[in-house]
Amino acid sequence: MKCVIAGGNVKVLGRAVHSLSRIGDELYLEPTESGLSFRAVNSSRSAFASFLFAPLFFQLYEPGSAGPDTELFRCKVHMKSFLGIFRSLPSLEKSVGKCLILLKPRASRLVLQLHCKYGVTKTHNLAFQECERLQAVFDTQCCASRLCAPARVLAEAIVHFPLTLAEVTLGTGPGGKISLRNYVEDEAEPSKTMLTELWLAEDEFQSVAVAPGSHITFCLKEFRGLLSFAEASNLPLTIHFDEPGRPVIFTLDDTVLEVHLVLATLSDAESSSQSPSTNSMSHLPAPSDDFADDLESYMAAMETSEGCSEGLPSPTFSLHVPRPAKSKPEKEEEEEEEGAVPGTPPHKKFRSLFFGSVMTPGRPGPATTQEVLAEDSDGES
Amino acid sequence: MPFSAQPPASGERYALSASLDNARHLSSLLRAVHFQDHATCLATASGLRVTVEDAKCIQANAFIQAEIFQEFSVQEESVMFRISLSVLLDCLTIFGSSSLPGTSTALRMCYRGYGYPLMLFLEEGGVVTVCKINTQEPEELLDFDFCSTKVVNKIILQSEGLREAFAELDMTSEVLQITMSPDKPYFRLSTFGNAGSAHLDYPRDSDLIETFHCNQTQTNRYKISLLKPSTKALALSCKVSIRTDAQGFLSLQYMIRNEDGQICFVEYYCCPDEDITEAEL
């Protein structure tokens with residue numbers, strides 16, 4: 001794979017990397033015919049982000065050729081290493097004219113070369129690991145509610161919440177107003193907690209198509225990363241959401257760039273008692289710390305729920321390399337099994353997102369096989 | 001010894017006495033070589049030289065020539081003593097280290113001779129501080145025997161081009177590898193850290209390069225932890241000269257312009273690192 005990014009797009013790339021660094025510790029690179037995709041997932045698999053740069057974003061884009069038996073080469077690198085190259089956005093803007101990215105599978109090196117002013121060239125040779133496809137399962141068509149607002153509006157709203165705030169609840173209220181309030185755990189002492197709530201009028205949004213009385217609670221940390229990217233790029237942000245427990249999807253759309261951020265949301269059983277809504281998930285069993293239990297109960301609930309359309313992935317969808325419970329750890333997932341995982345502290349109450357099987361070519365579709373839930377496609381070991 | 005708040009008249013019974021209207025002319029240069037607690041001061045008729053060394057591998061010198069001072073007098077041929085550089089800097093910046101335009105600390109420095117402390121009289125806005133810093137026996141300094149006739153490769157470039165590079169050096173790399181060559185890559189700085197290797201290439205015709213005299217291709221490695229402190233000198237300077245001799249000894253000379261436009265120099269000498277095995281290029 002070989003591509004060249006020129007001019008102002010170098011800074012856009014840098015910003016995307018900064019945004020992804022708020023999600024996970026590894027940056028997944030996947031060249032496709034429709035562009036180069038940068039992805040990240042957090043350690044608890046409750047947040048997934050993908051930046052797809054279309055071929056037109058690049059001055060030169062050669063994804064490489066896929067043979068009849070081989071797919072286009074994918075890899076992942078340490079986020080810190082990649083971020084280090086784009087660390088200073090002002091200096092990127094000031095001195096970098098061109099960025100070349102070259103994937104050399106045989107040399108086991110990902111080469112990033114920055115052509116700077118005064119003829120100076122910075123070449124970074126990063127070690128990478130081959131990896132499976134990282135794809136969270138989601139479908140924006142499946143979401144009952146959709147909001148679209150300029151990033152600035154949301155940024156100005158979020159600024160009222162302290163930086164330490166973990167979760168925020170987005171809700172729809174009377175008169176088409178949209179509310180944002182900090183999520184307070186039930187165990188918190190009412191006299192010691194500060195509640196912040198703000199309401200946005202419908203006309204602040206570019207479009208509002210929401211199910212009345214709906215609300216979702218999600219983590220703010222990962223969202224902030226996307227928000228600063230959206231603000232800097234001056235793109236409107238679309239929020240697709242459904243019932244509590246189902247992931248919320250934030251999207252940014254541009255002619256040369258497609259961004260998705262998928263966050264798990266608190267399911268209704270755990271959310272604040274003020275929430276009125278009932279949904280097919282409300283009789284989910286209480287969450288336990290053991291991921292495997294959560295997963296099975298979630299899947300059981302999925303099977304009994306009505307689902308929303310054929311767009312919904314079948315509950316028997318193979319899971320891509322889940323947390324250890326029963327299955328053997330894959331080689332590339334080793335780092336995720338370490339005890340103390342840096343990054344977003346796993347929130348026990350958030351369901352992990354479904355991740356697509358490697359078998360799936362692209363968008364989620366019904367799984368072909370039912371029996372394997374936890375093994376990777378590399379085969380039994 | 002009777003302690004008087006009045007500074008003595010210049011030259012009277014003092015091995016070294018000097019006056020400086022703006023102590024920052026001295027403190028900023030000393031900071032550029034402050035990577036060890038102690039320094040050796042050598043005062044001659046030409047001025048003051050402050051030397052800091054580490055690990056018997058690296059030596060930094062700050063030169064403040066006599067012309068920078070309003071008064072500078074050395075009674076003997078030379079006066080030498082060892083002193084705590086940390087304490088000296090703390091005293092010189094006792095009125096604070098922020099550089100507000102229009103305010104400056106005036107300095108008077110006196111040294112009676114061997115065994116006596118260094119006396120500093122600092123004044124700002126009518127407030128006077130007197131400092132007495134003990135001196136020690138000077139230790140023998142390294143002699144890198146680096147003279148211009150032995151230089152193999154020499155590059156002079158604008159500091160602006162190196163500042164960012166040095167500030168962002170991959171410190172997980174044990175070494176900084178410097179390649180200087182009449183052929184490509186001409187001038188290359190390389191690190192080999194946990195993330196992988198990184199190379200910074202400067203073409204010989206770059207606008208940043210003022211002088212390019214490379215006769216031989218040389219690649220030398222230096223312990224990055226020893227060179228990193230030179231970033232301070234680089235940050236202050238407008239120009240830097242990089243020279244190597246046949247054994248790979250490195251000389252970095254920084255031209256620093258002070259607030260009044262006067263030129264001072266700081267230099268770093270470093271031995272090449274022999275222990276490191278052949279690194280990937």
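Predicted model: local features only at pLDDT ≥ 70, side-chain atom pairs only at ≥ 80, totals over all residues.

Visitor: Okay, in what order do the strands of the 10-strand open sheet in chain A come?
Guide: The order is β10-β6-β2-β3-β4-β19-β18-β17-β11-β15 in chain A, and the pairing is antiparallel. The edge strands are β10 (129-130) and β15 (207-209) of chain A, each of which pairs on one side only.

Visitor: How many bridges join β2 and β3 of chain A?
Guide: Strand β2 (residues 26-32) and strand β3 (residues 35-41) of chain A are joined in the antiparallel sense over 5 bridges, and within that pairing Glu30(A) stands opposite Ser37(A) in β3(A).

Visitor: And which strands does helix α1 of chain A lie across?
Guide: Helix α1 (residues 9-21) of chain A lies across β2, β3, β4 (47-53) and β19 (257-263) of that chain, and it runs at about 170° to β4(A). Helix α4 (residues 151-158) of chain A also packs on the sheet, where it touches β11 (145-150) and β17 (236-241) of chain A, with its direction at about 95° to that of β11(A).

Visitor: Switching over: what is the order in the sheet of 4 strands in chain A?
Guide: That open sheet runs β14-β13-β12-β16 in chain A, with antiparallel pairing. β14 (197-200) and β16 of chain A each have a single partner strand, so one side of each is left without a neighbour in the sheet. From one strand to the next, the twist averages 20°.

Visitor: What packs on that sheet?
Guide: Helix α5 (residues 220-233) of chain A does, touching β12 (167-172) and β16 of chain A, and its direction makes about 85° with that of β16(A).

Visitor: Is Ile216(A) buried or exposed?
Guide: Ile216(A), which lies in strand β16 (residues 215-219) of chain A, counts as buried because its relative accessibility is 0%. Beyond its neighbours within four places in sequence, Ile216(A) is in contact with several residues, including Val168(A), Leu170(A), Phe241(A) and Val248(A).

Visitor: What does Thr121(A) touch?
Guide: Not counting residues up to four places away in sequence, Thr121(A) touches Gln113(A), Leu114(A) and His115(A), and also His199(B), Leu200(B) and Asp201(B). Thr121(A) is found in strand β9 (residues 121-127) of chain A, and it counts as buried because its relative accessibility is 15%, where the cut-off for buried is under 20%.

Visitor: Now chain B: how many residues of β6 are buried there?
Guide: In strand β6 (residues 78-84) of chain B, 5 of the 7 residues are buried, so the strand is described as mostly covered. β6(B) pairs with strand β2 (residues 38-44) of chain B in the antiparallel sense over 7 bridges, and Ala43(B) stands opposite Val79(B) in β6(B). β6(B) also pairs with strand β10 (residues 135-136) of chain B over 2 bridges, again in the antiparallel sense.

Terms used: Residues numbered from 1 in each chain as written. Chains lettered and ligands numbered in written order. Heavy atoms only, no water. Buried < 20%, exposed > 50% of the residue type's maximum accessible area, 1.4 Å probe, protein only. Pairing = 2+ DSSP bridges. Contact = heavy atoms within 4.5 Å. Axes fitted to C-alpha atoms, helices over the stretch in contact; angles between N-to-C directions.
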